[in-house]
Amino acid sequence: KQWYQRRVAITAGTKGYFEEAISLLDQAIKRERNEKGFYMNRGDSFRMIGYLSFALADYQQALELDPHDWVIISRISLVHHQYGIKEYTNKRYADAEKCFTTAITCNAKIAQYYISRAWSRFMQKHLPASRADLLRAMYFDSSIEEGVMLV
C-alpha cells in the first residue's frame, strides 16, 4: 500500500496536480515518518507551486533521515537559488547574494549559481568578486557568454 500511494502521488505531481500529490504524501508521511522519499516528493510538489519554505523544510527533513544523500542536498541548493532569484528581483541584492552563496555552499558545481551571485555582486558594485564568480561559472560551463561583459 505504501508503494502504491507513493506511485499515485508521484503520478499526480508529474501531471501537474501538485496539491493532490501533497495531500497524498501528507497521508503517507503520517503513516511512515522515516521514509525520506515521501519528504523529497512532497518538497518537489511544494517547490513547483512556489511554497519554497515548505519545500525546504521537507528537504531538510529528508536530509536528517539520510545526511549524505546528494540528490537531497542538490534540491536544497536549488531552493536557495530560487530564494536568491526572488531577492534579486525585489532588488535586495545583498540578501540575494547570501542566498546564492548558500546554494553554492550546497552544490558548488552549478555555473548558473555563480552567474546569479555575480550579478547580485555587480549590482552592489563588488566588481572583483563579481568577476571571480563569472570566471568560476565559465570554468564549469565554457559556453557561457554572459560573463564576457563583466570579465
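Setting aside neighbours within four places in sequence, Val 79 is in contact with Arg 47, Leu 52, Ala 55, Leu 56 and Tyr 59, where contact means heavy atoms within 4.5 Å. The model is a predicted one, in which local features need pLDDT of at least 70 and side-chain atom pairs count only at pLDDT 80 or more, while totals for chains, interfaces and linings use all residues. Residues are numbered from 1 along each chain as its sequence is written, and side-chain values use heavy atoms, with hydrogens and water left out.

Val 79 is a friendly place to start. This residue lies in helix H5 and, at 0% relative accessibility, counts as buried. The term buried stands for under 20% relative accessible area, exposed for over 50%, and partly exposed for what lies in between, using a 1.4 Å probe and protein chains only. Val 79 and His 68 are 11 residues apart in sequence, and their C-alpha atoms are 18 Å apart in space.

The wider picture comes next. The secondary structure consists of eight helices and zero strands, giving the pattern α-α-α-α-α-α-α-α along the sequence. Helices (H or I, at least four residues) and strands (E, at least two) are DSSP runs, numbered from the N terminus. The C-alpha atoms fill a box of roughly 55 × 30 × 25 Å, taken along the principal axes. Of the 151 residues in the protein, 41% are buried. Among contacts between residues at least 6 apart in sequence, 44% join residues at least 24 apart.

The protein has 21 positive and 17 negative side chains, and the centres of the two sets lie 1 Å apart. In this count Lys and Arg are positive and Asp and Glu negative, with His and the chain ends not counted; each charge is placed at NZ of Lys, CZ of Arg, CG of Asp or CD of Glu.

What lies inside? The largest nonpolar core has 17 residues, and Val 79 is among those with the most contacts inside it, together with Phe 38, Ala 55, Tyr 59, Ala 62, Ile 72 and Ile 76. Two or more residues of this core come from each of helix H2 (18–31), helix H3 (36–48), helix H4 (52–65) and helix H5 (70–89). H4 gives the largest share, five residues. A second, separate core has 11 residues, including Ile 104, Ala 111, Ala 118 and Leu 134. A nonpolar core is a set of buried Ala, Val, Leu, Ile, Met, Phe, Trp, Tyr and Cys residues joined through side-chain atoms within 4.5 Å.

Aromatic rings form another theme. A search of the whole structure finds seven aromatic pairs. Rings of Phe, Tyr and Trp (its six-membered ring) pair if their centres lie within 6.5 Å; planes under 30 degrees apart count as stacked, over 60 as edge-to-face and the rest as tilted. Phe 46 and Tyr 51 form a tilted pair, 6.4 Å centre to centre with 35° between the planes. Phe 46 is buried, with a relative accessible area of 12%, whereas Tyr 51 is partly exposed at 44%. An edge-to-face pair joins Trp 119 and Phe 122, 5.4 Å centre to centre and with 80° between the planes. These two residues are separated by about one helical turn, because they are three residues apart in helix H7 (residues 111–123). Trp 119 counts as buried at 18% relative accessibility, while Phe 122 is partly exposed at 29%. Ring pairs also link Phe 46, Tyr 51 and Phe 54 into a cluster.

Helix H7 also holds Arg 121, which is buried with a relative accessible area of 13%. Leaving aside neighbours within four places in sequence, Arg 121 is in contact with Glu 97, His 126, Ala 129, Ser 130 and Asp 133.

Two loop residues complete the tour. Lys 91, in the loop between H5 and helix H6 (93–106), has a phi near 60°, a positive value in a residue other than glycine. Lys 91 counts as exposed at 61% relative accessibility. Lys 125 lies in the loop between H7 and helix H8 (127–140); the phi of Lys 125 is near 70°, a positive value in a residue other than glycine. At 68% relative accessibility, Lys 125 counts as exposed.
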